[in-house]
Amino acid sequence: MTARTQLLKVENAGIRFGGLKAVSDVNLELKKGELVGLIGPNGAGKTTFFNLLTGVYVPTEGSISLDGERLNGLAPYRITKKGISRTFQNIRLFNELSVLDNVKVAYHSLAKHSIFSSILRLPSHFSGEKEMEQKAIEFLKIFKLEHVLHEKAKNLPYGQQRRLEIARALAANPKLLLLDEPAAGMNPQETEELMNLIALIREKFDLTILLIEHDMLLVMGVCERIYVLDHGQLIAEGTPEQIRSNPKVIEAYLGEEVS
Ligand SMILES: Nc1ncnc2c1ncn2[C@@H]1O[C@H](COP(=O)(O)OP(=O)(O)OP(=O)(O)O)[C@@H](O)[C@H]1O
């Protein structure tokens, strides 16, 4: 097997909120094509770490780079353009828009035709728009949402809303996809379907994925490597087998199920 090249490099990254070090001295690397888990007890700093990667927060220490390009201090939309997309712990869709429009909005952020051609309704606007719609429909088929294209997002059952959120994040054509608790609130069958979907999109879109998840079955089942955060610091990194038997992880999760 050829050695995989590096995609994300996080060096000694952290952020303070007043006196609280929510994330501190984190070193993490992702190689292209990897599917990696980020776990840790409640309040460990997982979502804050995603917020650092996506520019919601600027690190107060350390550096973050994607494909060798430093991301510290870039606005979230610029980081999306550089190739990082995410989903949220609490689903954030445009509730009043249709399923199709939710995905088209993401395409618009990358569209080649300019804002001027849209305003002036030039031919390039219409060809761009049509191409975008076709792409969005193709996309939604992969997520088994083609039968609800014109339904408002808010009317979808929970599992479908979760899938739509992932579809929308992927429409921005990321190199790195960050999934924040994608299985939260799902039943075991939906969780299993989601695991299969994550494996499928990773192959199909040649993606690198970092996944925050409390469902250990999902994390241990799909991730090749896992990082563990506790009180804002990384306490372990390794394969699912190594993490399961790591004494520091067991201690951090005392009272919670690890395997
Ligand atoms: N904007 C903020 N201002 C102050 N404190 C914050 C802010 N954002 C996060 N924190 C604190 O940082 C710590 C880490 O929170 P975070 O939400 O990242 O944890 P988490 O691991 O994602 O938790 P959970 O699994 O419960 O979602 C918590 O103590 C939280 O209160």
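**Ligand shell**

I sorted the shell around the ligand by class and got 4 nonpolar, 7 polar and 1 charged residues. The model I am reading is a predicted one. I then listed the residues around the ligand: F17, L20, A22, G40, N42, G43, A44, G45, K46, T47, T48 and Q89. Next I looked up which elements give two or more residues to this shell, and found β2 and α1. I noted that α1 gives the most, with 3 residues.

**Helix α1**

I found 6 of its 8 residues buried, so I put the helix down as mostly covered. I wrote out the buried ones as K46, F49, F50, N51, L52 and L53. K46 also belongs to the residues around the ligand. As a reminder to myself, an α-helix has 3.6 residues a turn, so residues three or four places apart point the same way. After α1 I came to G55, which has a positive phi near 85 degrees.

**The six-stranded sheet**

Which order do the strands of the open sheet follow? I read it as β6-β7-β8-β3-β9-β10, a sheet of 6 strands with mixed pairing. For the twist I noted an average of 20 degrees from one strand to the next.

I took the β6 end of the order and found that β6 and β7 pair in the parallel sense over 3 bridges. In this pair S85 stands opposite L177 in β7. I then returned to α1 (residues 46-53) and saw that the helix packs on the sheet, touching β3 (35-39), β6, β7, β8 (208-212) and β9 (225-230). The direction of α1 makes about 150 degrees with that of β7.

I moved to the β10 end. Are β9 and β10 parallel or antiparallel? I recorded antiparallel pairing over 5 bridges. L229 stands opposite L234 in β10. The two strands form a hairpin with 2 residues between them, and H231 in the turn has a positive phi of about 50 degrees.

I looked at D25 and found a phi near 55 degrees, positive in a residue other than glycine. D25 lies in strand β2 (residues 20-31). I counted 14 other C-beta atoms within 10 Å of D25, so I class D25 as partly exposed.

I looked at E181 next, which is not a glycine either and has a positive phi of about 50 degrees. E181 lies in the loop between β7 (176-180) and α7 (188-204). Is E181 buried or exposed? I counted 20 other C-beta atoms within 10 Å of E181; the cut-off for buried is 20 or more, so E181 is buried.

**Residue L93**

I located L93 in the loop between β6 and α3 (99-108). L93 has 19 other C-beta atoms within 10 Å, so I class L93 as partly exposed. Leaving out residues up to four places away in sequence, I found that L93 touches N102, A153, Q161, L164 and E165. I also took the distance from L93 to K32: the two are 61 residues apart in sequence and 28 Å apart in space, C-alpha to C-alpha.

**Domains**

I noted the division of the chain into domain 1 (1-83 + 174-259) and domain 2 (95-173). The contact between them takes 11 residues from domain 1 and 10 residues from domain 2. On the side of domain 1 that touches domain 2, I found β7 and α7 each supplying at least two residues. The largest share of that side, 3 residues, comes from α7. By class, I recorded 8 nonpolar, 2 polar and 1 charged residues there.

**Whole chain**

Last, I took the overall counts. I found 10 helices and 10 strands in the chain. Of its 259 residues, 36% count as buried. Among the contacts in the chain with a separation of 6 or more, residues 24 or more positions apart account for 65%.

Terms used: Residues are numbered from 1 along each chain as its sequence is written. This is a predicted model: local features need pLDDT of at least 70, side-chain atom pairs count only at pLDDT 80 or more; totals for chains, interfaces and linings use all residues. Helices (H or I, at least four residues) and strands (E, at least two) are DSSP runs, numbered from the N terminus. A residue is buried if 20 or more other C-beta atoms lie within 10 Å of its own, exposed if 12 or fewer, and partly exposed in between; C-beta atoms are placed from the backbone. Two strands pair if DSSP finds at least two bridges between them. Axes are lines fitted to C-alpha atoms, for helices over the stretch in contact, and angles run from 0 to 180 degrees between N-to-C directions. Two residues are in contact if their C-beta atoms, placed from the backbone, lie within 7 Å. Domain bounds come from an automatic or database domain assignment. Ala, Val, Leu, Ile, Met, Phe, Trp, Tyr, Cys and Pro count as nonpolar, Asp, Glu, Lys and Arg as charged, and the others, Gly among them, as polar. A residue is near a molecule or strand if its C-beta atom, placed from the backbone, lies within 6 Å of it.
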